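Work through the exercises below with the sequence and the coordinates side by side. Try each task before reading its solution.

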Amino acid sequence: MVRHSLNYVSWKQRKEVATDLKTIYQAPSVEMAEKNLDTFAAKWDASHPTIARSWRNNWERIIPQYCYPQQIRKAIYATNAIESLNMSLRKVTKNRGHFPNDEAMFKLRYLVLKNIAKKWTMPIRDWKSTMNKFSIIFGDRMLNF
C-alpha cells in the first residue's frame with residue numbers, strides 16, 4: 001500500500017508522506033492505525049485525496065496484519081525479501097515451461113526453496129527472534145531446511 005500511495009506524490013513530498021504513512025502501518029493496534037489514518041487524511045486530503053481513500057477501500061485487507069506481533073508485521077510489510085523469493089520461483093517455473101503434473105512442479109519449487117534458503121540472508125533486524133515468533137504462531141506450516 002505504501003508504494004501504491006507514493007505513486008500519487010511528487011518527489012519533493014515523498015519523504016514526508018512516507019513518514020506519515022509509517023504511523024499507520026507501524027501502529028500497535030487497529031484502533032491506533034485508524035486514528036493515524038484519520039490524522040493522515042486531515043493533513044493530506046486537500047492535496048492528495050486518493051491516498052487515504054485507497055487505504056480505506058483496502059482497510060479490510062490491511063487490518064489482519066495487526067493480529068501479529070510487531071516483528072512479524074515488519075517481515076510482512078518489508079516486501080523486498082518476499083518479492084525476491086517470488087521472482088526466483090517465477091523464474092524457475094517460467095523457464096521450465098509445462099510440467100507433466102502438479103507434483104513435478106511442487107518438487108521443483110521445493111528444491112528451489114531449499115537452494116534459496118542456503119544463500120539467503122534476511123535484512124530484518126533480530127531475524128532469529130522473528131523466526132521464533134513465526135514458528136510459535138505457524139508451527140506445523142514452517143519449513144525446516
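The exercises concern a predicted model, and each task is followed by its solution.

**Exercise 1. Overall make-up**

Task: State how many helices and strands the chain has, and what percentage of its residues count as buried.

Solution. 
- Step 1. Count the secondary structure elements. The chain has nine helices and zero strands.
- Step 2. Write the order along the sequence. The pattern reads α-α-α-α-α-α-α-α-α.
- Step 3. Check burial. The chain has 145 residues, and 28% of them count as buried.
- Step 4. Look at contact range. Take the contacts with a separation of 6 or more; residues 24 or more positions apart account for 59% of these.

**Exercise 2. The largest nonpolar core**

Task: Find which members of the largest nonpolar core touch the most other members, and which elements give two or more residues to this core.

Solution. 
- Step 1. Start with the members. The core holds 19 residues, and those touching the most other members are Val17, Leu21, Ile24, Phe40, Trp55 and Trp59.
- Step 2. Assign the elements. Helices H2 (14–25), H3 (30–44), H4 (49–57) and H5 (59–62) each give two or more residues to this core. H3 supplies the largest share, five residues.
- Step 3. Beyond its neighbours within four places in sequence, Val17 contacts Leu6, Val9, Phe40, Trp44 and Ile51.
- Step 4. Look elsewhere. Another core, of five residues, lies apart from this one; Leu89, Val92, Leu108 and Ile116 are among its members.
- Step 5. Nonpolar side chains tend to be buried together in soluble globular proteins.

**Exercise 3. Packing of H2 against H3**

Task: Decide whether H2 and H3 are roughly parallel or roughly antiparallel, and list the residues that meet.

Solution. 
- Step 1. Take the geometry. The angle between H2 and H3 is about 155°, and their axes are 7 Å apart.
- Step 2. Apply the cut-off. Angles over 145 degrees count as roughly antiparallel, so H2 and H3 are roughly antiparallel to each other.
- Step 3. List the contact. Glu16, Val17, Asp20, Leu21, Thr23 and Ile24 in H2 meet Ala33, Asn36, Leu37, Phe40, Lys43 and Trp44 in H3.
- Step 4. Sort by type. The contact of H2 with H3 has seven nonpolar, two polar and three charged residues.

**Exercise 4. Packing of H3 against H4**

Task: Describe the direction and the handedness of the packing of H3 and H4, then sort the contact residues by type.

Solution. 
- Step 1. Take the geometry. H3 and H4 pack at about 160°, with axes 8 Å apart.
- Step 2. Classify. That angle makes H3 roughly antiparallel to H4.
- Step 3. The crossing of H3 and H4 is left-handed.
- Step 4. List the contact. From H3 come Leu37, Asp38, Phe40, Ala41 and Trp44; from H4 come Pro49, Ile51, Ala52, Trp55 and Arg56.
- Step 5. Sort by type. The contact of H3 with H4 has eight nonpolar, no polar and two charged residues.

**Exercise 5. Two single residues**

Task: Classify Ser54 as buried, partly exposed or exposed, and do likewise for Arg14.

Solution. 
- Step 1. Apply the cut-off. Buried means under 20%; Ser54 has a relative accessible area of 9%, so Ser54 is buried.
- Step 2. Not counting residues up to four places away in sequence, Ser54 touches Met1 and His4.
- Step 3. Classify Arg14. Its relative accessibility is 23%, so Arg14 counts as partly exposed.
- Step 4. Find its partners. Leaving aside neighbours within four places in sequence, Arg14 contacts Leu6 and Val9.

Definitions and conventions:
Residues numbered from 1 in each chain as written. Predicted model: local features only at pLDDT ≥ 70, side-chain atom pairs only at ≥ 80, totals over all residues. Heavy atoms only, no water. Core = buried A, V, L, I, M, F, W, Y, C linked by side-chain atoms within 4.5 Å. Buried < 20%, exposed > 50% of the residue type's maximum accessible area, 1.4 Å probe, protein only. Helix = DSSP H or I, 4+ residues; strand = E, 2+ residues; numbered from the N terminus. Contact = heavy atoms within 4.5 Å. Axes fitted to C-alpha atoms, helices over the stretch in contact; angles between N-to-C directions. Parallel < 35°, antiparallel > 145°, perpendicular 65-115°, else oblique. Left-handed = near helix turned anticlockwise from the far one by under 90°. Nonpolar A, V, L, I, M, F, W, Y, C, P; charged D, E, K, R; others polar.
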